[in-house]
Amino acid sequence: ENAFDASHIPLWQKYLAAFGFPVTDGVMKLSRTPWATLSLALVTTLTSIVFFTDYTHSVETYGFIPEEFDRMGGLTFLTCFFVHGGWMHLLGNMYFLVAFGRSVEDRIGPWNLLALLALATVGGGALTLVLDPQGDIPHIGASGGISGVLLLYALLFPGRKLVFMFAAHIARPMMVR
């Protein structure tokens with residue numbers, strides 16, 4: 001089932017798949033507008049753009065540093081979500097947030113999605129703290145929170161097909177699901 005005819009997939013999705021971004025095979029019908037997912041993606045993008053203007057200060061101030069986990073009263077467990085290492089880091093995280101967060105939000109509701117993201121973000125920081133308590137390198141990005149969304153997506157939608165480009169042989173990349 002992995003190799004298949006991808007002629008039904010829109011061109012823009014094929015481009016995303018060619019760069020390793022998974023896309024869904026089929027139309028996803030949502031029962032409501034995913035306002036929490038879209039709002040959080042917008043706020044995170046705008047915040048990151050502001051942080052890019054004084055990048056070093058932003059990372060040092062809002063990044064999560066394990067050896068200083070109680071900085072800002074522990075808020076860096078959450079503020080690190082809004083700081084990204086560059087445009088590709090930001091775009092990749094926001095893609096995964098929007099692509100998978102919409103369906104998760106549709107299933108569990110906007111407030112539960114935001115709680116999930118906060119819990120997974122804090123959990124990612126806590127795991128970092130346990131594994132490297134003397135770490136002095138700031139950890140930034142939304143990956144901890146988004147990994148929680150991806151996990152719940154996989155649990156809620158185990159039969160949903162995802163498509164991406166597999167290039168085991170450069171001359172013959174193929175779409176796989």
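I take helices (H or I, at least four residues) and strands (E, at least two) as DSSP runs, numbered from the N terminus. The model is predicted: local features need pLDDT of at least 70, side-chain atom pairs count only at pLDDT 80 or more, and totals for chains, interfaces and linings use all residues. Residues are numbered from 1 along each chain as its sequence is written, and side-chain values use heavy atoms, without hydrogens and water.

**Entry 1: largest pocket**

I looked for pockets on a 1 Å grid over the protein atoms alone; a pocket is an open set of points where a 1.4 Å probe fits, with protein on both sides within 12 Å along at least five of seven lines, and lining residues have an atom within 4 Å of a point. Volume is the space filled by probe spheres set on the points, which are joined across faces, edges and corners.

The largest pocket has about 230 Å³. Its lining has 14 residues, with W12, Q13, T24, M28 and R102 closest to the centre. I find at least two lining residues each from α1 (11–18), β1 (23–24) and α5 (87–108). α5 gives the largest share, 5 residues.

I sorted the lining by type: Ala, Val, Leu, Ile, Met, Phe, Trp, Tyr, Cys and Pro are nonpolar, Asp, Glu, Lys and Arg charged, the others, Gly among them, polar. The count is 10 nonpolar, 3 polar and 1 charged.

**Entry 2: second largest pocket**

This one holds about 160 Å³. I count 13 lining residues, and G124, G125, H139, G141 and G144 lie nearest the centre. α6 (110–131) and α7 (143–156) each supply at least two. The largest share, 4 residues, is from α6. By type, the lining is 4 nonpolar, 9 polar and no charged.
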